[in-house]
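Keep the sequence and the 3D view side by side. The text below walks through helices, loops and pockets in turn.

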Amino acid sequence: MECIAYKSGYKYQLEEDYVTSIDINPAAPIKTEYLELTTDGTLTVRKGYAWDGPSGPTIDTLNFMRGSLVHDALYQMMRESHLDKDKYRESADRLLQIMCKEDGMSALRAWWVYQGVRFGGDPSADPANDKPVIRAPKACQQEHLTSR
């Protein structure tokens with residue numbers, strides 16, 4: 001049987017590499033298939049990276065997209081235990097607020113965005129909530145378990 005493996009929950013896919021300098025400096029460089037963060041704070045998000053955009057009761061506006069990309073990338077690094085959630089989550093949330101304001105979002109809306117991720121974002125950064133791999137069609141789920 002031919003099977004596929006995928007993760008759900010994504011709306012957007014990056015079409016070009018994105019590189020930016022941020023004020024998050026891990027003790028050691030982080031490098032995954034789509035994400036890289038150096039000790040000097042250079043964040044690279046590679047072409048093909050998928051993310052869910054702005055979360056919660058909000059509208060996906062152009063002044064929210066860059067911040068949501070970087071925020072989702074940092075939260076993924078926390079979920080995958082590359083970044084310490086307790087040490088870096090607040091900085092990632094504040095960076096989202098700053099980037100949204102830089103991109104033209106009103107200060108009030110950016111403040112609400114920050115409050116939203118502070119209040120409801122913790123599970124998304126928790127390593128216990130990494131997105132599971134889904135196998136399809138249904139017979140592939142059992143086939144995968146028995147082939148282990």
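This is a predicted model: local features need pLDDT of at least 70, side-chain atom pairs count only at pLDDT 80 or more; totals for chains, interfaces and linings use all residues.

Residues are numbered from 1 along each chain as its sequence is written, and side-chain values use heavy atoms, with hydrogens and water left out.

Start with helix α1, residues 62-79. Helices here are DSSP runs of H or I with at least four residues, strands are E runs of at least two, and both are numbered from the N terminus. The expected span of a helix is 1.5 Å times one less than its number of residues. For the 18 residues of α1 that gives 26 Å, and the end C-alpha atoms are 26 Å apart, so the two agree. Of these 18 residues, 16 are buried. Buried means under 20% relative accessible area, exposed means over 50%, and partly exposed is in between, with a 1.4 Å probe and protein chains only.

Asn63 sits in α1. Asn63 counts as buried because its relative accessibility is 18%. Leaving aside residues up to four places away in sequence, Asn63 touches Cys100, Asp103, Gly104, Met105 and Arg109. Contact means heavy atoms within 4.5 Å.

Now follow the chain out of α1. Ser81 lies in the loop between α1 and α2 (85-102). Its phi is positive, near 65°, and the residue is not a glycine. Most residues other than glycine have a negative phi, and most peptide bonds are trans. Ser81 counts as exposed because its relative accessibility is 53%.

Helix α2 comes next. At its start, a side-chain oxygen of Asp84 reaches to within 2.8 Å of the backbone nitrogen of Asp86. Just after α2, Gly104 has a positive phi of about 105°.

Further along, a cis peptide bond joins Ala136 and Pro137, with omega about 0°. Pro137 lies in the loop between β8 (134-136) and α5 (138-146).

Where are the pockets? On a 1 Å grid over the protein atoms alone, a pocket is an open set of points where a 1.4 Å probe fits, with protein on both sides within 12 Å along at least five of seven lines; lining residues have an atom within 4 Å of a point. The largest pocket holds about 570 Å³ of space. A volume is the space filled by probe spheres set on the points, which are joined across faces, edges and corners. Its lining has 30 residues, with Pro54, Ser55, Gly56, Asp72 and Val117 nearest the centre. Helix α1 gives the largest share, seven residues.

The second largest pocket has a volume of about 300 Å³. Its lining has 13 residues, and Lys7, Tyr10, Tyr34, Gln76 and Glu80 lie nearest its centre.

Note on methods:
A polar contact is a pair of N or O atoms within 3.5 Å; within protein, one must be able to donate a hydrogen and the other to accept it, and residues adjacent in sequence count only if both atoms are side-chain atoms.
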